[in-house]
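Me: Please show me the model, and then I will ask about a few details.

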Amino acid sequence: MVKPSVIRDIHLADEGMQRIRWVEKFMPALNTLSKTCFNPDTFKGKTIVMSIHLEAKTAYLALTLKKAGANVIATGSNPLSTQDPIAAALVSQGITVYATHGCTDKEYMDYLNMALDHKPHLIIDDGGDLVHLLHTTRKDALENLIGGSEETTTGVYRLRQLANENKLLFPMLAVNNSQCKFLFDNRYGTGQSVWDGIIRSTNLTVTGKTVVVAGYGWCGKGVAMRAKGLGAHVIVTEVDPIKAIEAVFDGFDVKPMVEAAPYGDYFVTVTGDIHVINKDAFLAMKDGAICANAGHFDVEVNKEDLKEISVSHFEARKNIEGYVLPDGRTIYLMAEGRLVNLAAGDGHPAEIMDLSFAMQALAADYICRHEKELKPGLYVLPHELDVKVAQIKLSSMGYSIDSLTEEQKAYLGLK
Ligand code: NAI
């Protein structure tokens with residue numbers, strides 16, 4: 001038996017619809033696909049379960065899939081990233097939603113399970129929690145499943161582990177690994193929205209400060225680049241020597257976390273790893289240091305260590321907790337160590353998510369069209385789809401580029 005929507009308050013729907021209408025204007029690639037590639041029958045008869053940060057852009061993806069005929073069920077992918085007005089707006093548009101902002105971990109899992117009760121044909125996962133349930137306690141919900149797609153790096157790590165052990169039970173498309181996703185969303189999206197979340201919550205300067213960025217992958221590069229642009233001195237911490245050289249050549253200082261700790265005014269973890277900032281680093285930090293995480297799970301800043309070494313903690317501002325050390329120093333932790341850009345901000349800019357969600361919509365379409373051929377496993381969308389989305393986006397931005405002539409194709413061996 002499927003349950004009706006569980007949301008905070010349906011009266012917030014108008015506020016949510018206003019936020020969705022705002023982003024709609026700035027998502028031309030998704031709009032073009034909706035008008036030219038999809039019709040009301042594209043996903044007819046298909047139930048799509050999405051576990052995704054429920055904010056305006058994801059809501060617009062959900063509405064686009066619904067317009068193309070899907071029965072869409074939405075749930076969050078993090079207890080703090082769900083925006084209650086957005087959940088209400090989706091329900092007002094006929095989408096079933098199980099999500100409330102600030103829910104407990106148990107409620108969060110209950111919501112995912114309620115969504116899976118709908119026995120989806122397709123899933124859109126963000127971080128791998130739906131896939132995990134479908135491989136453990138919810139194998140009953142595999143009944144209709146054709147396949148799905150994964151939005152983020154951490155979810156792809158988890159899928160790769162399953163695929164390497166030949167345990168992946170259905171086809172999954174790593175949308176994160178499409179160029180139109182990670183080159184823009186992870187780098188420029190995270191780069192901007194992390195600083196938006198930190199600045200709007202702290203109302204403090206970045207210029208003149210020292211920022212320690214843990215992880216110099218696609219997200220870390222964006223966070224470091226934007227910190228530099230805002231006038232900060234940036235120190236990068238890494239475990240991969242190649243990424244560390246890249247950071248040095250990009251003009252950043254590189255140090256181990258414990259050595260960087262005494263200098264940092266802000267610390268941003270974005271590694272996808274566990275326990276990146278621990279007791280030894282907290283104890284070396286300055287009074288007033290601010291720690292934030294942008295990696296998918298709230299495991300990068302070691303909260304247990306921070307609690308253990310503190311004599312007390314208090315709410316310093318919305319989304320900022322102060323932890324007082326025995327010598328009186330205070331270390332601040334933003335958004336309980338959850339993704340700061342989504343828990344303390346509105347997530348990535350709409351123009352960036354336009355690219356990611358155009359790829360997500362194409363992934364859903366691809367799975368439906370290749371239902372018979374796709375075997376269980378982890379796939380990347382064909383390069384032509386990246387090119388197609390890039391072309392639409394480029395022209396929507398008013399740019400055009402040259403094309404290879406026949407002579408050039410022959411010269412480059414592309415014929
Ligand atoms: P990536 O794989 O490109 O980069 C991660 C980097 O962290 C690698 O260079 C790795 O060597 C480094 N690293 C790993 N362990 C480390 C440690 N202990 N100390 C220092 N560096 C370490 O991954 P990407 O795409 O940058 O994603 C990172 C995380 O951010 C993932 O959890 C991903 O799911 C998440 N993400 C968050 C977004 C957001 O909106 N906040 C958007 C996109 C991804």
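Me: Is the crossing of α8 and α15 left-handed or right-handed?
Reply: Helices are DSSP runs of H or I with at least four residues, strands runs of E with at least two, both numbered from the N terminus. A crossing is left-handed if the near helix is turned anticlockwise from the far one by less than a right angle, and right-handed if clockwise. By that rule, α8 and α15 cross in a way that is left-handed.

Me: What kind of model is this?
Reply: Residues are numbered from 1 along each chain as its sequence is written, and side-chain values use heavy atoms, without hydrogens and water. Local features need pLDDT of at least 70, side-chain atom pairs count only at pLDDT 80 or more, and totals for chains, interfaces and linings use all residues, as the model is predicted.

Me: At roughly what angle do the axes of α8 and α15 cross?
Reply: Helix α8 covers residues 179-202 and helix α15 residues 350-369. Their axes (lines fitted to C-alpha atoms over the stretch in contact, with angles from 0 to 180 degrees between N-to-C directions) come within 9 Å. The helices are roughly antiparallel (angles over 145 degrees), because the axes cross at roughly 150°.

Me: Which residues of α15 meet α8?
Reply: Contact means heavy atoms within 4.5 Å. On the α8 side are Cys180, Lys181, Phe184, Asp185, Tyr188 and Gly189. Facing them in α15 are Ile352, Met353, Leu355, Ser356 and Met359.

Me: How are α2 and α16 placed relative to each other?
Reply: Helix α2 (residues 28-36) and helix α16 (residues 383-396) have axes 9 Å apart and pack at about 115°. Pro28, Ala29, Thr32 and Leu33 in α2 meet Lys388, Ile392, Lys393 and Ser396 in α16. Angles of 65 to 115 degrees count as roughly perpendicular, so α2 and α16 are roughly perpendicular.

Me: How many disulfides does the structure hold?
Reply: A disulfide is a pair of cysteine sulfur atoms within 2.5 Å. The sulfur of Cys219 is 16 Å from the closest cysteine sulfur, in Cys180, which is too far for a bond. For Cys368, the nearest cysteine sulfur is that of Cys37, 14 Å away. The number of disulfides in the structure is 0.

Me: What is the relative accessible area of Thr269?
Reply: Thr269 lies in strand β10, residues 266-269. Beyond its neighbours within four places in sequence, Thr269 contacts several residues, including Ala214, Val276 and Glu300. Thr269 is buried (under 20%, with a 1.4 Å probe and protein chains only), and its relative accessible area is 0%.

Methods. Parallel < 35°, antiparallel > 145°, perpendicular 65-115°, else oblique. Buried < 20%, exposed > 50% of the residue type's maximum accessible area, 1.4 Å probe, protein only.
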